[in-house]
Amino acid sequence: MKTAIVNIGGIFSGDIDAPFRDGDALLMADGLIQSVGTLSPAEVEAADVVIDAAGTFAAPGLIDSHVHITFGDYTPRQKTVGFLESYVHGGVTSSITASEVHTPGRPKDPVGVKALAVAAMKCFADYRPGGMKVHAGALILEPGLTDQDLREVADAGLRFVKAGFGAFPSPYDYVPLIESARRHGLISMVHTGGASIPGSSGIWAEHLVAMQPDISFHVNGGPIAIPEAGFDRLIHETKVAMQLCMAGNLRTALLIAQKMTATGTLDRLLIATDTPTGSGIMPLGMLYTISHLVALGGMAPEIAIAAATGNNARHFRLNAGVIAPGRDADVILLDAGTGGSQPDALAAMRNGDVPSVAAVMTAGIPRFVGASRNTPRGMRNVRTAHSRIVQTFDGASH
């Protein structure tokens, strides 16, 4: 399938070092972006589907790097079916597991936690709820796990380990397992802040300095933030990527973003939701955090978009998150909402408005075009201008 998007008003690249791309058109085929810039009439005519962006902004699909996956498109924490498909209507095209800790009766022994992580990974290998790519399967680090266990799951294809929910007497006990994860090429993710569920413990900056993991989850609180002195320690004494989540402390999120801007470390800033949790389900959680950072924190919209896309992709080693040839063809169109005071998506974010999601493509396949069911309709008439396809992959007619 070959999909073209034309009449784009601007392109957020997702690359924090060069956050805009020149051009007014994209061409996608075989699940990848083929070209960015200007398409010839012949290239447009050869496309199976042509989408008229009507002057809206194109951006990489948002990557929610903190979603508590279980099995299927279901969350037992909030007893809700279809939440992942609903997140696609919030512009989220990829989600990354924050561990399958919410699985009812989850095992805590070494054999069980390995089996849970590998099973989740394999269940989502080809399952695309609403077209979303789900990177599932994180080994929850528990007492009794050994270096050989981590080697075994890495050999099975697992990519993530999670510290913070294990039954260790002290967070410092995670240090040797994080070192093992590093040796075996696994990405280490660590709960940061006060305890979020019964039986877990708080993890503060001094623990992360000792661990030196890859990702500090919800550094602004999940939902309770660490003492503020720890933010400077994480910036200066580690290379950890610092994740801001919607289900956290807004004041500290703005403070962290300010500190990272001042220290030139925004390439380590990630945006996620930390859902589903006690805070609920948030299909627009990524867009809210982006708008908060821009309108309240003074961050440029294109930088906030990059933190939610290309930064996540780089730190989690994904091919998505950037609009460039050869990258995954996960693209969204953003606009200002009808009836609002702002003329386009850029101005809407600066005003604190959540932008309208006018279309979502994953793997180059349109999942919806024209209007999201979770955002206000955009000001512009985004439409399918031409299609040789009777139905898209998810059954939506075009």
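Q: Is Arg-183 buried or exposed?
A: The class follows from relative accessible area: buried means under 20%, exposed over 50%, and partly exposed in between, with a 1.4 Å probe and protein chains only. Arg-183 counts as exposed, because its relative accessibility is 55%. This is a predicted model, in which local features need pLDDT of at least 70 and side-chain atom pairs count only at pLDDT 80 or more, whereas totals for chains, interfaces and linings use all residues. Residues are numbered from 1 along each chain as its sequence is written, and side-chain values use heavy atoms, with hydrogens and water left out.

Q: With which residue does Arg-183 form a salt bridge?
A: A salt bridge is a side-chain nitrogen of Lys or Arg within 4 Å of a carboxyl oxygen of Asp or Glu. For Arg-183 the partner is Asp-147, with the closest N and O atoms 2.8 Å apart. The pair links distant parts of the chain, 36 residues apart: Asp-147 is in helix H4 (residues 147-155) and Arg-183 in helix H5 (residues 175-183). Such helices (H or I, at least four residues) and strands (E, at least two) are DSSP runs, numbered from the N terminus. Asp-147 is partly exposed, at 27% relative accessibility.

Q: Which residues of H5 are buried?
A: In H5 the buried residues are Val-175, Leu-177, Ile-178, Ser-180 and Ala-181. These buried residues pack against H4, strand E14 (160-163), strand E15 (187-191) and helix H6 (205-211), where contact means heavy atoms within 4.5 Å. Just after H5, Gly-185 takes a positive phi of about 75°.

Q: How many salt bridges does the structure hold?
A: The structure holds 12 salt bridges. In one of them, the side chains of Glu-228 and Arg-251 meet at 2.4 Å, N to O. Glu-228 lies in the loop between strand E16 (215-217) and helix H7 (229-237), and Arg-251 in helix H8 (residues 250-262), so the pair ties together parts 23 residues apart in sequence. Glu-228 is partly exposed at 35%, and Arg-251 is exposed at 52%.

Another salt bridge joins Arg-380 and Asp-335, with the closest N and O atoms 2.5 Å apart. Arg-380 is in the loop between strand E21 (365-369) and strand E22 (383-387), and Asp-335 in strand E19 (residues 331-335), 45 residues apart. Arg-380 is partly exposed at 24%, whereas Asp-335 is buried at 1%.

Q: Which residues touch the most other members of the largest nonpolar core?
A: A nonpolar core is a set of buried Ala, Val, Leu, Ile, Met, Phe, Trp, Tyr and Cys residues joined through side-chain atoms within 4.5 Å. The largest has 81 residues, of which Leu-139, Leu-141 and Ile-290 touch the most other members. Its largest share, six residues, comes from helix H10 (residues 301-308). Leaving out residues up to four places away in sequence, Ile-290 touches Leu-62, Ile-271, Ala-304, Ile-305, Ala-308 and Met-349. Another core, of 20 residues, lies apart from the largest one and includes Ile-5, Leu-26, Met-361 and Val-382.

Q: What share of the residues in the protein chain is buried?
A: Of the 398 residues in the protein chain, 60% are buried. Its secondary structure comes to 12 helices and 22 strands.
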